Every structure is written in structure tokens, then in C-alpha cells.
Amino acid sequence: MYGIKILCCVFMAFDHAALIVPSPKLSLILRAIPRPFFVVIPFMLAEGYKHTSNLPKYMTRLFIFALVTQPFYCLFFNYALAWPYRLNAMFTLFLGLMCMYVWDTARHKWFAALFCALTAYLGQICNVEGGAWLVIFTFMFRLITDGKRKFVVSYSALYVGNYLPSILKSALKHDRGGLLKNMLYLFCALWGALLIFFYNGRQGRRGGYFFYIFYPAHLALLGAIKLLIN
């Protein structure tokens, strides 16, 4: 798991660095390659949830770093610091984590399902990264982590379902650029399932706060480079 986390950090840095690359074609390639990290991060969250011995501390730490990251996130992506703003991916993961907890502890699954739906809607209206879809997608990893074949099939179906409308829309509009972009993103995202398919189920070496700090730190660094370039 530690190696997957390191690789995920590299992918994330590639994805965000692509946004300050002046060449549109190079930027497209650099953004396509890291697509797997969009699945690896929710998967790691579900694994952390499954293995943690102190869930309140785990959730609190995630929420605090979401708050710490927000100013750097807004400055890098040129989002407003006040409403209407966009909340970074750590808030999305936090909402997904809440859904996992309620799903496992609620006495009635209908209540848990309703809570998850309302939490996803909250993520949508609060404009978290990825919106309601990514909140539900994150939560789904709690349900499909048992059995690697089941995971690969479920993950592939979720991602194809996410990209298919954009692919069809581009095809109907004869938008070759948009079609190529979405098909490339889908192809690169699907091979992310291989990373998890070969995961041995062990937590491995713990990274402490490194992986929490990396998110705001790399946004701050790339934001400084972006200011120098501009």
C-alpha cells in the first residue's frame, strides 16, 4: 500500500502540473496519464477506514487537512476564497467517509441509503470537487472491496458510466477533440484497476502525516511556479 500511495502522489503532481504547461497537447497527455489516482485515492480511504483503530481521529485529521488545503487549492485553481467557491477533494473524501461509517453502523439500511443520498446532495450544493458523483463513488469502495474480480467489474462499470455520456455527447456533436480527450481519459483511468488488483491487502509501511501534508504542499509549490511563469 505504501508504494501505491507514493505512486498516487506522483500521479497527482503530474495532473496538477499539467495545468501550468503552456502546450495544450502536452497538457492533455500529462492529465490523461494520472487518471488512475482518481480511483486509488478513494480505495485507500476505504482501506484506511477498514484498518483504522481510531475512526474519530481519522475523520478529524482528514477534515482539518481539508481546511488547511483550501486556501492553496483556491489560489492554484483561481477559485474565490468566498462563496461561490469550490471545496477541495479532501472534503469529498470526508463526506464519503461519513457515508461509510453510517452505512456500517445504522440499524436500518434504508436510513443509511437516505443519509448517503443526502450527503452526496450536500456535496453537490457545496461544490466539492467531483460533486455528488465522486462522493458516491468514494462510498462505493466500502461495498466493493471484498473480492478483486467483483472490484474490477464494479469499478469499470462505474467509470464507464461516468465517461460514457461525455463520449456520446462529443460523438453526436462531431467534436473530435472532446471525443479523443474523454476516450483517452477513460482508457487511462481503467488501467488504474490493475494497481488495486495486485494489491496484497496489507497496509505496509505507514507514512504518518506525509500524505496529508503532500496535498497542500504540492499545490503551494505549483501555485508559486504558476505565479512566476505568469
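1. In the contact of helices α5 and α6, L95, M98, C99, V102, W103 and D104 of α5 meet K109, F111, A112, A113, F115, C116, T119, L122 and G123 of α6; contact means heavy atoms within 4.5 Å. The residues of this contact divide into 11 nonpolar, two polar and two charged. Here Ala, Val, Leu, Ile, Met, Phe, Trp, Tyr, Cys and Pro count as nonpolar, Asp, Glu, Lys and Arg as charged, and the others, Gly among them, as polar.

2. The model is predicted: local features need pLDDT of at least 70, side-chain atom pairs count only at pLDDT 80 or more, and totals for chains, interfaces and linings use all residues. Residues are numbered from 1 along each chain as its sequence is written, and side-chain values use heavy atoms, with hydrogens and water left out.

3. Helix α5 covers residues 89-105 and helix α6 residues 109-125; they pack at about 170°, with axes 9 Å apart. The two are therefore roughly antiparallel (angles over 145 degrees). Axes are lines fitted to C-alpha atoms over the stretch in contact, and angles run from 0 to 180 degrees between N-to-C directions. Helices are DSSP runs of H or I, at least four residues, numbered from the N terminus.

4. The largest nonpolar core has 49 residues, and L45, Y58, L62, M90, L97 and M100 have the most contacts inside it. Such a core is a set of buried Ala, Val, Leu, Ile, Met, Phe, Trp, Tyr and Cys residues joined through side-chain atoms within 4.5 Å. Its largest share, 10 residues, comes from α5.

5. Leaving aside neighbours within four places in sequence, L45 is in contact with Y58, L62, L93, L97, M100 and T138. In α7, T138 is buried, as are G131, L134, V135, F137, F139, F141 and I144 (under 20% relative accessible area, 1.4 Å probe, protein chains only).

Note on methods
Angles under 35 degrees count as roughly parallel, over 145 as roughly antiparallel, 65 to 115 as roughly perpendicular and the rest as oblique. Buried means under 20% relative accessible area, exposed over 50%, partly exposed in between (1.4 Å probe, protein chains only).
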